[in-house]
There are 2 protein chains.
Amino acid sequence: MQQEAKSKPTSLLSNRQKRSWLRLIRTENVGPASFRALINRFGSADAALNALPELAARGGRHRTVLPSWHEIDAEMEVAERMGARFVAIGEEDYPPLLARADHPPPLVAIKGRSGLLQAPACAIVGARNASVIGAKFAQKLAHQLGNAGFLIVSGLARGIDTAAHRGSLETGTVAVVAGGLDQPYPPENISLYEEIADRGVVLSEMPFGWVPRAQDFPRRNRLVAGMSYGLLVVEAAERSGSLISARLANEMGRLVFAVPGSPLDPRAAGTNRLLKEGALLVTRAEDIIEAMAPLIGRPMTIPAFEEPPDLTSIPPPDDMERSLVVDALGPAPVSIDELIRHTGLHPSQVSLILLELDLAGRIERHSGGFVSLLMDV
Amino acid sequence: MQQEAKSKPTSLLSNRQKRSWLRLIRTENVGPASFRALINRFGSADAALNALPELAARGGRHRTVLPSWHEIDAEMEVAERMGARFVAIGEEDYPPLLARADHPPPLVAIKGRSGLLQAPACAIVGARNASVIGAKFAQKLAHQLGNAGFLIVSGLARGIDTAAHRGSLETGTVAVVAGGLDQPYPPENISLYEEIADRGVVLSEMPFGWVPRAQDFPRRNRLVAGMSYGLLVVEAAERSGSLISARLANEMGRLVFAVPGSPLDPRAAGTNRLLKEGALLVTRAEDIIEAMAPLIGRPMTIPAFEEPPDLTSIPPPDDMERSLVVDALGPAPVSIDELIRHTGLHPSQVSLILLELDLAGRIERHSGGFVSLLMDV
């Protein structure tokens with residue numbers, strides 16, 4: 001996978017392979033990190049699917065719900081019917097910066113003019129209850145950034161997101177949604193969504209048919225930030241989702257931009273806070289263009305795709321080793337390196353035990369190679 | 001003087017000495033820097049006054065306008081009649097931070113509760129055509145900072161300055177004016193001025209009777225910044241006087257604070273620019289209090305009171321030496337150190353030649369030990 005992500009022209013997966021990838025990533029408790037670990041251990045999605053029930057059982061979960069082939073075929077049909085398709089990491093149409101982020105989804109569903117994804121992207125997000133002025137300003141910035149060659153990424157929400165998409169419909173816009181591509185949200189933006197699917201790109205990592213829940217939005221926000229060189233917050237109240245997006249963007253090493261506002265305007269409380277914390281102050285599109293210029297065109301440093309250990313030849317860990325790892329884990333995230341030092345086990349064994357626990361839904365993976373035990377299992 | 005500025009209890013000048021100081025500082029082309037150089041060379045203001053015509057003549061000016069003793073006595077009478085008095089640098093009531101700034105005025109006229117000047121000061125300045133919201137916010141911050149123990153310094157202008165004074169009338173406010181203490185400006189603030197002179201402090205370095213001209217305001221702004229640990233700009237358009245104050249404050253090593261605003265509000269263009277350039281963003285009084293806390297109570301580093309050479313025993317420079325210095329000067333400021341290296345003259349000689357040129361009105365002194373030739377002479 002690493003080689004695929006780095007090199008072009010890309011090795012396309014066969015339809016058969018992609019179908020297996022889809023089944024594997026749609027399996028409960030299989031996230032991007034365990035997906036990669038499984039492919040590394042078993043060599044292919046098919047082999048991983050076969051091995052999965054036993055692995056999960058060893059992690060402590062004895063009923064693993066693999067989706068049926070029928071479900072997978074049905075999802076692929078829905079995609080095809082609406083003119084969407086699945087793009088695997090490493091393929092040409094996969095958003096290039098996202099491929100270099102922490103734990104990128106192995107497959108995303110996209111519809112639209114996928115060539116747009118090659119342009120350097122800037123995310124514009126903000127308050128759903130935006131002021132008229134804030135929305136206008138977001139639309140203007142999106143338009144100017146679009147004319148300067150940037151792809152505008154946002155989340156299709158009301159308010160700032162909507163304005164950002166509208167401002168960049170002509171030059172290139174991507175709506176990243178928190179549910180399936182056939183479940184756009186909110187309802188009042190369905191016609192905008194269709195226009196974006198036609199003239200821009202709509203993108204999701206969630207299954208077709210998936211109705212977005214509150215907890216799906218942070219995951220979507222991670223994609224928005226992961227695709228973009230920088231993320232601009234136009235208006236945001238304290239404790240709003242846009243601030244979470246900004247935090248995620250910052251953690252990923254993206255530039256964080258914010259538009260200032262009056263201290264007496266609650267819709268500026270969040271952006272002013274970001275500015276206090278070091279976000280770059282934006283009053284004109286040039287502020288963003290100038291700050292991003294040094295990044296564009298240069299290959300991004302390929303970050304910490306930490307070389308996964310070769311898992312194909314390790315004997316399954318025994319129960320004592322497994323409980324060593326479990327005992328060392330707790331609700332607070334701990335680094336895998338620390339875990340290896342603490343347990344004294346071989347890194348490959350720790351990786352494998354974590355994979356088992358992950359598949360059993362007993363751990364959570366955090367960015368930067370941290371894991372924590374889920375306590376409600 | 002240096003000793004006086006550092007040590008307390010202070011050596012008070014006799015009335016007779018203060019009268020001579022006033023006459024010397026009221027002499028044309030005698031600014032704070034040449035005042036200090038003259039005292040250093042001649043030991044007293046009286047001796048300097050005697051020597052001055054010859055010195056100026058050597059610098060190229062043959063008609064030096066010393067104010068008459070009568071004029072000086074008249075000014076002292078006006079001061080006394082309005083209940084004001086002159087405070088010399090080194091005296092207890094001289095604003096303590098100002099004494100440590102670059103080229104502080106040797107005398108300031110003050111009226112009011114001078115004890116207030118001992119509190120740590122924060123300047124609040126901004127647009128004359130402030131918005132209602134901006135003025136309210138300035139007043140609220142001034143009130144909160146006042147309650148936190150800060151003295152509020154401002155310039156009595158309409159808009160933000162007025163609001164800052166009003167907000168801090170009860171806790172302590174200083175109005176620094178650009179004309180004489182008996183010439184407050186603008187007219188609509190005369191009753192506020194009188195209230196400040198009663199409950200706070202009014203302060204000026206300009207002669208009584210002096211009607212402020214446009215070019216006097218930057219000099220006043222320098223006092224505002226020089227007296228204060230930090231300077232807050234609440235609202236300011238591009239290219240406004242408040243930005244000059246902020247630049248001066250920054251050059252003096254003061255903290256510069258700015259209140260953000262919408263990019264679409266022209267009254268926030270200046271403050272947003274300051275924030276882009278590194279000013280500290282303020283949405284609440286705590287932002288200022290927290291940033292200033294580490295400075296308060298600690299003795300400020302006493303900056304670059306560059307040790308003046310002992311001028312008492314140097315023979316007058318000859319014409320060749322004088323023209324060496326003049327030729328080395330131009331309209332662009334050059335450091336005195338550079339000048340000494342370039343001419344190869346003894347530092348005391350360069351100082352003396354500069355003093356002559358200064359008295360003749362042929363050079364301008366800049367902060368940081370820079371001088372330039374005035375070309376319109």
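This is a predicted model: local features need pLDDT of at least 70, side-chain atom pairs count only at pLDDT 80 or more; totals for chains, interfaces and linings use all residues.
Two strands count as paired here if DSSP finds at least two bridges between them.

**View 1. Strand 2 of chain B, with a partner strand in two pairings.** Strand 2 of chain B and strand 6 (residues 201–204) of chain B pair in the antiparallel sense, with 4 bridges between them. Look for B:Ala109, whose bridge partner in strand 6 of chain B is B:Ser204. Strand 2 (residues 107–112) of chain B also pairs with strand 1 (residues 85–88) of chain B, again antiparallel and over 4 bridges. In that pairing, B:Val87 has B:Val108 of strand 2 as its bridge partner. As background, strands of a sheet pair through backbone hydrogen bonds, either parallel or antiparallel.

View 2. Strand 11 of chain B is joined to strand 12 (residues 370–373) of chain B by 4 bridges, and the two run antiparallel. Zoom in on B:Arg365 and you'll find it standing opposite B:Val371 of strand 12.

**View 3. Helix 16 of chain A and what covers it.** Helix 16 (residues 347–359) of chain A has 13 residues and spans 18 Å from first C-alpha to last, close to the 18 Å expected at 1.5 Å a residue. How many of its 13 residues are buried? The helix is mostly covered, with 12 of the 13 buried. Among them are A:Ser348, A:Gln349, A:Glu356 and A:Asp358, along with A:Val350 and A:Leu352. The cover includes helix 3 (32–42), helix 4 (45–59), helix 14 (319–328) and helix 15 (336–343), as well as strand 11 (363–366) and strand 12 (370–373), of chain A. After the helix comes A:Gly361, with a positive phi near 75 degrees.

**View 4. A:Ile340 in helix 15.** A:Ile340 lies in helix 15 of chain A. Leaving aside neighbours within four places in sequence, A:Ile340 is in contact with A:Leu345, A:Pro347 and A:Val350; A:Val350 is one of the buried residues of helix 16. A:Val325 is 15 residues away from A:Ile340 in sequence, and their C-alpha atoms are 8.6 Å apart.

**View 5. Leu24 and the nonpolar cores.** The largest nonpolar core has 148 residues, and A:Leu24 and B:Leu24 are the ones with the most contacts inside it. Skipping neighbours within four places in sequence, A:Leu24 is in contact with A:Val30, A:Phe35, A:Leu38, A:Ile39, A:Ala45, A:Ala48, A:Leu49 and A:Leu52. There's also a second, separate core of 23 residues, which includes B:Ala138, B:Leu145, B:Phe150 and B:Phe257.

**View 6. Down to the rotation axis.** Chain A can be laid on chain B with an RMSD of 0.1 Å, by a turn of 180 degrees and a shift of 0.1 Å along the axis. The two copies are therefore related as by a two-fold rotation axis. Both copies use the same surface, with 100% of the contact residues of chain A recurring in chain B. Which residue of chain A comes closest to the rotation axis? That's A:Gly261, with its C-alpha at 2.0 Å.

Key
Residues are numbered from 1 along each chain as its sequence is written. Chains are lettered from A and ligands numbered from 1 in the order in which they are written. Side-chain values use heavy atoms; hydrogens and water are left out. The expected span of a helix is 1.5 Å times one less than its number of residues. Buried means under 20% relative accessible area, exposed over 50%, partly exposed in between (1.4 Å probe, protein chains only). Contact means heavy atoms within 4.5 Å. Copies are superposed by least squares on the C-alpha atoms of residues with pLDDT of at least 70 in both. A nonpolar core is a set of buried Ala, Val, Leu, Ile, Met, Phe, Trp, Tyr and Cys residues joined through side-chain atoms within 4.5 Å.
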